[in-house]
Amino acid sequence: MKTRHFLLALLASATLLATGQAAAQQQRPIRLVVPYAAGGPIDVTARMLAERAKDTLGPIIIDNRPGAGGNIGADIVAKAAPDGLTIGIAATATHAVNPWLYSKIPFNAATDFAPITQMVRVPNVLVMNAETAQRLKINTVADLIRYAKANPAKLNYGSGGNGSAGHLAGELFKKQAGIFALHIPYNGGNPAQLALLSGQVDFNFDNLATAAPNIRSGKLKAIAVTTLQRSSAMPELPPVADTLKGFSIDTWWGLVAPAGTPHDVVMRLNQAFVAALNAPETKTRFATLLAEPVPSSPEQFGAFMKSELSKYEAVVKATGARVD
């Protein structure tokens, strides 16, 4: 009898110890590295999602590590322990553009990360100065292409700088449309938009969230979105792909862990964040940023990032843009 009681007490102690260890592990916070400064769209959506997922995953601490176009923060994630306690943001720049834009990069975008889920897609939009569009009688993508072909070397477009999303979108558009337009780089997206508003440039590819106020006020003429499908934020706008088949160049970001993170840990993170992305409250809050949630499986996000990396290799090389 004493032996039986002793064994039961020992079993109970072991159970309590295991439960305590599990609870302690659960209480260890997850660090979510955002490779950009606080306050931007990527940071804001990361904080929204962390707040939503904390009931399932426990505390999630946002760690902003901006610099080198996002490479510093991405590298921190790549070199972290693969235990699920350090995860980070993978974005168009860090995982599709920078590997071709920078002559040296401290991580391998294709092999150093374990995909968790895509978070959002933010459409870019082809916009013109409203007065310019009216004067040139341009209302559609086809109109713009026809004018460019009939008036070679008369159009120009602005962007936030060499290698920026607007620059790459413009070069892809020129290549697929078979037209020429002079690229004028500015020191950031805001100066590029001001140049468009003042009529210094003819068209831009801008972030829809940034351009929306001037579109709604009538200062800018929105021609088309750059996603394959229409955007729920402005469903009246057709995709560029309706005219140029397959044209797709939007802004996206998602969650990744270091390569080697166990599959069951990745799946636990995936399930928690996908549930957070599917929550009606998340969709409503993301909509204020004109960001569309794109929950996905690790395999889907991995395949998507691979295709984006391949796509941007050709686009970046065509522009000749480099950051040394």
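Contact here means heavy atoms within 4.5 Å. In this predicted model, that criterion places His-167, Leu-168, Glu-171 and Leu-172 of helix 7 against Tyr-312, Val-315, Val-316 and Thr-319 of helix 12. Sorted by class, the residues of this contact comprise five nonpolar, two polar and one charged.

**Geometry of the helix pair**

Helix 7 covers residues 165-177 and helix 12 covers residues 298-319; their axes come within 9 Å and cross at roughly 90°. Helix 7 is therefore roughly perpendicular to helix 12.

**Overall architecture**

The protein has 324 residues, of which 49% are buried. Its secondary structure consists of 12 helices and 11 strands. Taken along the principal axes, the C-alpha atoms fill a box of roughly 100 × 40 × 30 Å. Of the contacts between residues at least 6 apart in sequence, 77% join residues at least 24 apart.

**Salt bridges**

Side chains of opposite charge can pair when their charged atoms come close. With a cut-off of 4 Å between a side-chain nitrogen of Lys or Arg and a carboxyl oxygen of Asp or Glu, the count comes to 12 salt bridges.

| Salt bridge | N to O distance |
|---|---|
| Asp-143 and Arg-146 | 2.5 Å |
| Lys-174 and Glu-171 | 3.1 Å |
| Glu-281 and Arg-285 | 3.7 Å |

Lys-174 counts as buried at 11% relative accessibility, and Glu-171 counts as buried at 16%. Glu-171 also takes part in the contact of helix 7 with helix 12.

Glu-281 and Arg-285 are set four residues apart in helix 11 (residues 280-287), which means that about one helical turn separates them. Glu-281 is partly exposed, with a relative accessible area of 40%, and Arg-285 is partly exposed at 35%.

**The faces of helix 8**

Helix 8 spans residues 189-197, and Ala-192, Gln-193, Ala-195 and Leu-196 are buried there. Viewed down the axis of helix 8, its buried residues fall within an arc of 155°, so they line one face of the helix. Asn-190 and Leu-194, on the other side of helix 8, are exposed.

What do the buried residues of helix 8 pack against? Their partners are strand 5 (124-129), strand 6 (156-159), strand 8 (203-207), helix 9 (208-216) and strand 9 (220-225). Just after helix 8, the backbone at Gly-199 adopts a positive phi of about 85°.

Key: Residues are numbered from 1 along each chain as its sequence is written. This is a predicted model: local features need pLDDT of at least 70, side-chain atom pairs count only at pLDDT 80 or more; totals for chains, interfaces and linings use all residues. Side-chain values use heavy atoms; hydrogens and water are left out. Axes are lines fitted to C-alpha atoms, for helices over the stretch in contact, and angles run from 0 to 180 degrees between N-to-C directions. Helices (H or I, at least four residues) and strands (E, at least two) are DSSP runs, numbered from the N terminus. Angles under 35 degrees count as roughly parallel, over 145 as roughly antiparallel, 65 to 115 as roughly perpendicular and the rest as oblique. Ala, Val, Leu, Ile, Met, Phe, Trp, Tyr, Cys and Pro count as nonpolar, Asp, Glu, Lys and Arg as charged, and the others, Gly among them, as polar. Buried means under 20% relative accessible area, exposed over 50%, partly exposed in between (1.4 Å probe, protein chains only). The arc is that of the directions from the helix axis to the C-beta atoms.
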